[in-house]
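Hi everyone, thanks for coming.

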Amino acid sequence: MSFVEYGDTIQEGDTAIVFLGHESMFPVKVQHGSKTQTKYGVIRHSSDLIGKKYGSKVTCSKGGWVVILHPTPELWTMNLPHRTQILYSTDISLITMMLELKPGSIVCESGTGSGSLSHAIIRTVAPTGHLYTVEFHQQRAEKAMEEFREHKVEHLVTVKNQDVCKNGFGVSNMADAVFLDIPSPWEAIGHAKSALKVEGGRFCSFSPCIEQVQRTCLALEEHGFTEINTLEILLRVYNVRTISLQIPDLGKAAEDNSNPGFDSSNQANQGVMCGSQQQGTAQFKSGVPLREMVGHTGYLTFATKSLS
Amino acid sequence: MEGSMGLGARIQEGDCAVLKRDEVFKAVPILKRRKVIFEKQWFYLDNAIGHIYGTTFEVTSGGSLQPKKEIEEPTTETKEAGTDNRNIVDDGKSQKLTHDDIKALKEKGIKGQEIVQQLIENSTTFRDKTEFAQDKYIKKKKKKYEAVITIVKPSTRILSTMYYAREPGKINHLRYDTLAQMLTLGNIRAGNKMIVMETCAGLVLGAVMERMGGYGSIIQMYPQGGPVRAATSCFGFPASFFNSLYEFPLSKVDSLLSRTFSIETLPSESEDNIPAEEESNGSLDEKPASIQETEEESTTEATMEGNQTEEQETMDLAAEDTENKESKEKGNKENIREKQRKQQERRKKLVEAAALLKEKNADGLIVAGRFHPTPLLLSLLEFVAPSRPFVVYCQYREPLLECYTKLREKGGVINLKLSETWLRNYQVLPDRSHPKLTMSGGGGYLLSGITVVMDKGKSDAGRLEAQKTEEPTSKKRKLEELHS
């Protein structure tokens, strides 16, 4: 396995995802002789994991079982150890498309943070592209590099430990795209411009506050960026439920129970409905929004550098 | 591989390009002496050839000229502006230039920039307007009189935005942010072996091809006569991208799954069933044998070779009406040979596609289109390896509710998620920042999940999913505290 290539079977050194149930999972580094505890009992790597097919069920000691999944940047995002606030896949999707990333793209990123976006970028630009990521916090930079090594993608990424606002990205006129997720992105616009190729490229900055966005947009305009566009994307997740609603008793005469007073013509295909009138309920499937959802992550500001 | 990013590339005759004016896009082929109509203007693209993509042109009478990139803003030395509009009366007489005056200016061929300047000078209320209102006025007039058009290189970003704005019906109202989610949720990347079933004019296919960069393989399942790839051709992919693009008719899926599939049962497709775009892409032209072959492909080819020779012997060649004019005979013969060659090529690819599917080890499945998703998913997931993502798009939520239920019953999938994204655009200007327009609904819905190894006995994969708790207890407690 690697984060840029599917493998069929679980091997030593792999990062595998142990899936316990709905949205409950964790990553595990597969090693001979290792044991992993779960609420269903223990998983012994040598006998339970190594050599098994990804996507298969593993029975744990207490009789319960889990599924072992092949890692992807999206599963990693849901399971990585947070060193900072991270970007989630909804924003990452839009960033990837609007920056026009594809195999072969050269990308600059700052800050590296927990590496959530980094993994997604590396996945997209492999096998011929490269990510130059800048993180001013030394420990975080080192930890990120260690993770890239573990995930077998270190050949696709260069981590630099410096301040992007002062020292830039350490590359000039090389990048097809630049991404910023720092507190003061407007201070790095000049560096972003010089990192991008002479003939141009795409830019994106992520900021939680509108004031940051305003300063960023002003700086972008000053530096001659065009197509400046700010947007926000929200994810709505629905639970699929079968809902029963009671039919009110309006004192209708017993013989007149053929027409309950609403359209039940689609009973058959919905598997719906009052099996019997005594029950007096109507059933239907519904996509129920979550009771609480993420209302805001940040604003995404995109821009284009074109040949001037 | 052609890793050139398109940026910095020069506009060449025969390219697929996109015209851009403000937020409006239009895809056009670059052809000489061809009239193009865009945003109520007509022009020729001849002059654009040779310039770099991203160049902005000003339209003059009947052609394209390259203006300066940066237009010097005429600065009015002392910027006068009012503070509010209490004294501005709408009497319809504030503009001293008449309709005919403006027409005359236009006919003289005076630059749009100058017309705008004239309009400002002849507006009696302009100086009383607030600074913001002045900005707005100038912007509005510029849009009308300064016709500038940028020619850009096509990309998923541009084409998906263009299609959603111009022809949403053709792509089942798949909004571009939803397409972006699909590409990420499906873990689309170089080296994958993807199955794509779409009826979105080939836009989804093109997006997948762009993300795979010519590495790996794609099997496109198509209904009826052949795959529609009108949007795919707008991307202007190199011919090499089409070497590992296969197509397989949906109507043969069942026979492939029940192992009764044979190439002989296929109707010999007539020439006009092939989408014309394919040919313009050169995907069917004479090509050297593909340089980059994945291992699995070369092995299937080895195993297929035996079948192929038999195949070619049993092949029916459509009889052609040959005209008996000697002068044309030669050309006709070549035509027939060409047709036969193309048909053989297609059949060879079809056999390869069947072989790739039979391996049942695809790295993912993308479904988007006008069909009910449930039967497609229940069949096509058979071809996907375990622990691989799949994504289904549907314009409506209800079919996905059913699909979700059916997949749960069948088992072999995990982490099913029904979702939708909302997109909000912002106007960001000093002291004038606010959301522009909110887009909700209309962008469609997604059902995504991950395949797992099927249980041999009863499916209890549902058990994992069923472990959902309606609400975490801590939240319940919080809620009770709130209400107490």
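Predicted model: local features only at pLDDT ≥ 70, side-chain atom pairs only at ≥ 80, totals over all residues.

Let's begin in chain B, with helix α5, residues 176–185, and helix α6, residues 203–212. Their axes are 11 Å apart, and the angle between them is about 45 degrees. Angles under 35 degrees would be called roughly parallel and 65 to 115 roughly perpendicular, so α5(B) is oblique to α6(B). The crossing of the two is right-handed. Which residues make the contact? From α5(B) we have B:Leu179, B:Leu183 and B:Thr184, and from α6(B) come B:Leu203, B:Val204, B:Ala207, B:Val208 and B:Arg211.

Now, staying in chain B, please find B:Ser123, in the loop between α2 and α3. Is B:Ser123 buried or exposed? Its relative accessible area is 9%, and buried means under 20%, so B:Ser123 counts as buried. The side chain of B:Ser123 comes to 3.2 Å from the backbone nitrogen of B:Phe126. If we skip neighbours within four places in sequence, B:Ser123 also has contacts with B:Ser94, B:Gln95 and B:Tyr137.

Next comes B:Gln12, which sits in the segment before β1 of chain B. With a relative accessible area of 48%, B:Gln12 is partly exposed. What does B:Gln12 touch, once residues up to four places away in sequence are set aside? The partners are B:Ile30 and B:Ile49. B:Gln12 and B:Leu31 are 19 residues apart along the chain, and 8.8 Å separates their C-alpha atoms.

Let's turn to the backbone. In chain A, the peptide bond between A:Ser110 and A:Gly111 is cis, with omega about -10 degrees. A:Gly111 belongs to the loop between β7 and α4 of chain A. Another cis bond runs from A:Ala126 to A:Pro127, and there omega is near 0 degrees. You'll find A:Pro127 in the loop between α4 and β8 of chain A.

Last, two glutamates. A:Glu227, in strand β12 of chain A, has a positive phi near 50 degrees without being a glycine. B:Glu39 is not a glycine either, and its phi is positive at about 55 degrees. B:Glu39 lies in the loop between β3 and β4 of chain B. Relative accessibility is 27% for A:Glu227 and 34% for B:Glu39, and both count as partly exposed.

How values were computed:
Residues numbered from 1 in each chain as written. Chains lettered and ligands numbered in written order. Heavy atoms only, no water. Helix = DSSP H or I, 4+ residues; strand = E, 2+ residues; numbered from the N terminus. Buried < 20%, exposed > 50% of the residue type's maximum accessible area, 1.4 Å probe, protein only. Contact = heavy atoms within 4.5 Å. Axes fitted to C-alpha atoms, helices over the stretch in contact; angles between N-to-C directions. Parallel < 35°, antiparallel > 145°, perpendicular 65-115°, else oblique. Left-handed = near helix turned anticlockwise from the far one by under 90°. Polar contact = N/O pair within 3.5 Å; in protein donor to acceptor, adjacent residues only side chain to side chain.
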